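Hello,

Here is the structure you are taking over. Please open it first and then read the notes below it.

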Amino acid sequence: MIISSSSMEAVEESLGEARKTFSSGKTRSVEWRKKQLRALIELIHDNEENIFKALHDDLGKHPTEAYRDEVGVVLRSLDTALSSIEKWVAPKKSSVPLLFFPAKGEVLPEPLGAILIFSSWNFPFSLALDPLIGAISAGNTVILKPSDQAPACSSLLANTIPLYLDCNAIKVIEGGPETSERLLQLKWDKIFFTGSPRVGQLVMFAAAKHLTPVVLELGGKCPTILDSLSNPRDFKVAVKRIVGGKWGPCSGQACIGIDYLLVEEKSASTLIELLKKIIGRFYGENPRESKSMARIVNKHHFARLHNLIKDPRVAASIVHGGTLDEDSLFVEPTILLDPPLDAEIMTEEIFGPFLPIITLKNIEESIEFVNSRPKPLAIYAFTKDETLKRRIISETSSGSVTFNDVMIQFLCDTLPFGGVDQSGFGRYHGKYSFDTFSHEKAVMQGSFFPEIEPRYPPWTLFKIKFIRLAYRLDYFRLVLLLLGLKR
Amino acid sequence: MAEEVLGREAASGLVKQLRETFGSGKSRSLEWRESQLKSLLKFVTDCEQDIIDALLSDLSKPPFESVVHEDINATTVRFKRCPTLTIKERALIAMLKNSCKLALKELKRWMAPEKAKTSITTFPSSAEIVSEPFGVVLIISAWNYPFLLSLDPVVGAIAAGNAVVLKPSEVSPASSSLLAKLLTEYLDTSCVRVVEGAVAETTALLQQKWDKICYTGNGRVGRIVMEAAAKHLTPVLLELGGKSPVVVDSGINLQVATRRIIAGKWGCNNGQACISPDYIITTKDFAPKLVDSLKEELEKFYGKNPLESKDLSRIVNSNHFARLTKLLDDEKVSGKIIHGGEKNQADLKFAPTILLDVPRDSLIMSEEIFGPLLPIITVDKVEESFDIINSGTKPLAAYLFTSNEKLKKQFVLTVSAGGVVVNDTSIHLAVETLPFGGVGESGMGAYHGKFSFDAFSHKKAVFYRSFVGDAAIRYPPYTKGKLRLLKALIGGSIWGIIRALFGRS
């Protein structure tokens with residue numbers, strides 16, 4: 001399936017219509033926002049099978065995986081937004097110094113206007129709708145540009161969204177890089193981008209021309225630090241979670257998926273045995289036949305992954321798996337032990353089912369190892385050592401840190417989700433999504449009385465004294481000064 | 001003064017050094033942050049006089065009588081009227097001290113991880129949000145308030161535990177050189193540096209990779225800063241300006257309103273402030289009364305001949321003087337002056353000038369004025385002002401004077417601006433519990449008080465799980481039953497989960 005690109009006129013017209021709708025004030029009402037969110041729930045319920053099918057067509061995701069990582073995530077976000085929206089839109093009172101009495105201060109969230117969302121192909125459903133929910137909750141109009149690399153999902157979104165949501169305010173524009181370029185020439189009030197750092201740079205550069213704020217959700221090499229756990233049961237749970245986190249979500253094609261494992265030399269062999277055993281249990285003797293494993297998105301990415309292990313030094317480090325089948329775009333769960341650190345597999349984000357294991361003498365060295373690389377979107381650590389936990393939190397930097405599990409932080413919508421440095425900036429999920437698509441307007445309301453004379457010229461010594469005390473909020477002396485008792 | 005032009009290599013060396021210190025973890029400790037904030041406070045206190053002298057040399061005339069800095073409580077002081085700048089800048093210095101003090105007082109609380117709730121889906125677990133410093137940040141400040149706009153962001157950056165490079169504006173050279181010379185005597189130079197310079201130095205700095213850039217200035221340079229930042233994926237905080245409108249309704253306490261407009265317009269650096277009122281919108285009927293009142297109060301404040309008033313700042317330099325002159329020379333506009341218009345190029349003095357009914361397509365109505373010119377636009381009904389404001393780019397501030405509650409509400413809800421103030425001007429700047437920042441053309445990101453700390457902190461999500469509570473449904477091989485249970489779990493309903501566990505749904 002090939003998505004045709006949208007013309008400049010079509011793109012301009014869509015934005016023009018969205019702007020017109022925004023200035024009508026319609027999208028500001030809480031009723032409108034809730035109606036759109038409810039319509040999204042309806043869209044999902046009515047089209048659940050089609051969604052599963054599209055995700056299977058694009059990525060070979062099993063419905064359970066599709067529900068866990070996409071549909072379920074979106075339904076939860078909708079639920080949270082619907083039940084919290086009244087609380088979110090309410091202005092927050094700020095305390096104003098007594099000096100300004102009886103003025104009132106508050107922070108009022110207001111919609112930004114027209115939002116552009118670029119979603120990516122690996123979670124083509126949730127990474128499109130999750131930010132959309134935030135943008136709608138905040139009262140914006142939105143143009144969504146789904147990735148053309150997941151064409152079935154792109155066209156599903158383009159065909160269903162206009163049937164359920166207000167099509168004057170929320171639009172889907174399909175297309176490839178030319179369409180993105182056209183969209184980026186226009187002035188938006190915020191651009192939300194999920195994808196690679198390389199494209200992220202282009203998006204931000206284009207946004208600079210119009211002073212448009214951007215959110216960049218990028219990726220990075222997310223490390224998993226596995227401490228030697230003395231209790232074999234804990235170790236087993238850890239390895240199970242690692243297998244689930246590496247190959248479960250879209251076969252490793254996930255921005256918060258595990259990229260590589262850091263482990264002490266002495267545990268490596270037990271670890272590899274257990275990994276193999278659990279892979280066997282999850283995906284069977286012949287993983288190629290398994291319906292539980294997603295496929296590589298396309299030939300281009302397949303070739304990229306193939307290249308990563310072509311390097312003979314890397315190929316020699318494979319201890320499990322390593323078979324690829326181009327026809328079915330299948331890559332076997334593959335484990336590599338200590339591949340060279342200067343090889344591409346250890347310098348680039350893998351974004352696929354290869355798991356390099358890097359052995360260290362001492363697990364403490366992992367901190368230095370992580371810090372010598374760009375800041376990842378997530379760090380995972382399996383440990384019961386509180387000191388190590390504290391060190392990881394305070395000495396490393398990443399979008400998030402999760403202890404003793406993987407990817408689950410994505411489900412916790414009381415936590416901000418977003419990167420730092422090369423893994424992006426800006427954050428969303430839950431209330432943070434609402435904040436991301438709102439401007440926090442400072443509002444101060446004064447009255448005509450009382451009037452503080454010393455604010456105005458011509459300046460006198462009395463006024464200087466008054467202002468000094470006022471800034472110190474020294475009310476006692478201020479009263480003395482006003483009564484003429486203090487000089 | 002700048003000893004030499006900072007080239008690309010020197011800039012890269014500087015960042016490398018600071019990155020090393022940051023990497024050592026030095027700036028992360030509470031003790032370091034506190035000691036730096038205390039030193040900054042000490043700098044402002046010790047050098048108050050030097051600061052004022054620098055400001056006078058940059059923005060006013062040669063130093064005035066030393067009266068103001070004599071012991072202010074001494075009863076014997078022979079008081080003479082002092083220039084606006086001294087008192088305003090003293091007020092701003094006081095603001096700066098307040099923001100240091102606030103940061104010192106609240107730092108522990110700000111730094112503490114914030115607990116986040118977790119849900120049944122991930123039970124048992126706990127979560128928190130940890131504020132961590134970005135790393136090495138660049139602060140580029142503006143000339144109109146060279147100390148406040150330099151040091152206020154520095155307070156936030158230090159409080160958040162970053163290493164900082166400050167580039168003060170070359171348009172206010174005395175202030176810039178004072179910061180370069182004295183500030184570094186007080187602060188830890190392994191983490192905080194001041195770089196002086198103009199375009200060449202700024203360009204060299206912008207080529208480096210920073211972890212955050214904070215820029216105060218205009219939209220044109222703001223775009224350049226953001227483009228440069230894009231190359232390194234660096235987040236930016238842009239504090240720009242814009243045409244901040246004042247809407248004046250009838251039926252108000254006119255004298256108070258007028259005085260507050262004057263204080264915000266001419267009292268703030270003679271209009272050279274990003275939050276100064278830029279223009280007024282009022283009704284045709286009310287305009288004459290407003291104009292009369294403005295004239296009357298202006299005379300009370302600045303006398304019959306404002307060019308001689310010591311309470312009015314001058315224009316910063318001849319470029320800006322020429323720019324303002326050009327705005328008035330526009331033929332669409334020159335006939336509309338109803339008050340003021342006097343200027344004196346030799347000492348860069350420009351009188352408060354009011355223009356009535358200037359056409360909206362004139363230069364003065366399409367550019368930020370940033371000076372003592374105040375155009376008044378008239379409309380039939382005051383509500384029409386909302387559309388006028390919203391049809392332009394979003395300003396940093398919007399002001400309204402009214403006694404009508406409905407109008408207030410409508411204004412607050414529909415007018416988009418960085419901040420909105422009803423029945424006053426500019427005072428929201430002094431309220432630390434309000435975020436200060438723009439939207440659209442007036443910038444992105446906000447600071448002041450806790451917002452400054454947040455602006456320079458990365459909010460890291462931290463999630464704790466234990467090894468128990470492992471649900472098989474998370475793992476392949478996937479089955480229909482797992483899908484059912486998953487639906488129930490994500491729905492978060494206990495009955496759904498139980499039903500699914502028993503195989504009915």
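B:Gly267 is buried, at a relative accessible area of 2% (buried means under 20%, exposed over 50% and partly exposed in between, with a 1.4 Å probe and protein chains only). This glycine sits in the loop of chain B that runs between helix 9 (254-265) and strand 9 (279-283). Helices (H or I, at least four residues) and strands (E, at least two) are DSSP runs, numbered from the N terminus.

The model is predicted: local features need pLDDT of at least 70 and side-chain atom pairs count only at pLDDT 80 or more, while totals for chains, interfaces and linings use all residues. Residues are numbered from 1 along each chain as its sequence is written, chains are lettered from A and ligands numbered from 1 in the order in which they are written, and side-chain values use heavy atoms, leaving out hydrogens and water.

In chain A, an unreviewed UniProt entry lists A:Glu217 and A:Cys255 under "active site". They span 39 residues in sequence, but no two of their C-alpha atoms are more than 8.7 Å apart, so they gather at one spot. UniProt positions are given in the numbering used here, feature names are shortened, and annotations may be inferred rather than shown by experiment.

A:Glu217 belongs to strand 7 (residues 214-217) of chain A and is buried, with 3% relative accessibility. A:Cys255 lies in the loop between helix 8 (232-247) and strand 9 (260-264) of chain A; A:Cys255 is also buried, at 14%.

Regards
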